[in-house]
Amino acid sequence: MNRTLTREQKLLGAAGATVVFIISLFLPWFGAGGFDASGDDVIPSWWLMLIFAIAAAGLLAAEALNFELPARISPLPLALYLISVPTIVTIMFFLDGGEGAVGRKFGLILALIFSIAATALAAWVWREER
């Protein structure tokens, strides 16, 4: 039995991980006691990360499903760039760790895991094609 992932599976995995990242933006990232702050509360211009992630998920899914885009762009490098920006921002917030007694919550952990997974899968496909 062949246990390697196909190109399409990797791309759809990256798109799916990006969707989970988008969902995690609205889950608690930091909190203490009865206070919770989600990604859209703590990230300045969080909507920009949302737009980048939506565009990346769409490009990754379109590439996986062989959907021809109207513009002459190379969707894979663009999607890789678009998902790498939220990944870097999420890593920065994870390493910051919150102020004082405020701790990291599960939304930040999910955002970190799935943004890294999406970036890694997209980079894996891009690297194989170079």
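Trainee: Angles under 35 degrees count as roughly parallel, over 145 as roughly antiparallel, 65 to 115 as roughly perpendicular and the rest as oblique. How are helix 1 and helix 3 oriented to each other, then?

Mentor: They are roughly antiparallel, because the angle between them is about 160°. Helix 1 covers residues 7-24, and its axis lies 8 Å from that of helix 3. Axes here are lines fitted to C-alpha atoms, for helices over the stretch in contact, and the angles run from 0 to 180 degrees between N-to-C directions.

Trainee: What sort of model is this?

Mentor: The model is predicted, so local features need pLDDT of at least 70 and side-chain atom pairs count only at pLDDT 80 or more, whereas totals for chains, interfaces and linings use all residues. Residues are numbered from 1 along each chain as its sequence is written, and side-chain values use heavy atoms, with hydrogens and water left out.

Trainee: Which residues make the contact between helix 1 and helix 3?

Mentor: Contact means heavy atoms within 4.5 Å. Helix 1 contributes residues including Leu11, Leu12, Ala15, Val19 and Ile22. From helix 3 come, among them, Met49, Leu50, Ala53, Ala57 and Leu60.

Trainee: At what angle does helix 3 cross helix 4?

Mentor: Helix 3 (residues 46-64) and helix 4 (residues 75-96) cross at roughly 145°, and their axes come within 8 Å.

Trainee: What share of the residues is buried?

Mentor: Of the 130 residues, 39% are buried. Buried means under 20% relative accessible area, exposed means over 50%, and partly exposed is in between (1.4 Å probe, protein chains only).

Trainee: How many residues are in the largest nonpolar core?

Mentor: That core has 18 residues, and Leu11, Leu60, Leu76 and Leu82 have the most contacts inside it. Helix 1, helix 3, helix 4 and helix 5 (106-129) each supply at least two of its residues. Apart from it lies another core of 13 residues, among them Phe21, Trp29, Leu50 and Val89. A nonpolar core is a set of buried Ala, Val, Leu, Ile, Met, Phe, Trp, Tyr and Cys residues joined through side-chain atoms within 4.5 Å.

Trainee: What does Leu82 touch?

Mentor: Leaving out residues up to four places away in sequence, Leu82 touches Phe52, Ala55, Ala56 and Leu59.

Trainee: And Thr87, is that buried or exposed?

Mentor: Thr87, found in helix 4, is buried, with a relative accessible area of 6%. With residues up to four places away in sequence not counted, Thr87 touches Ser115, Ile116 and Thr119.

Trainee: New topic: what is the phi of Ser45?

Mentor: Ser45 has a positive phi of about 55° although it is not a glycine. Most residues other than glycine have a negative phi. Ser45 sits in the loop between helix 2 (39-42) and helix 3, and is partly exposed at 40% relative accessible area.

Trainee: Where does Asn66 lie?

Mentor: Asn66 is in the loop between helix 3 and helix 4. Its phi is also positive, near 55°, and Asn66 is exposed, with a relative accessible area of 63%.

How values were computed:
Helices (H or I, at least four residues) and strands (E, at least two) are DSSP runs, numbered from the N terminus.
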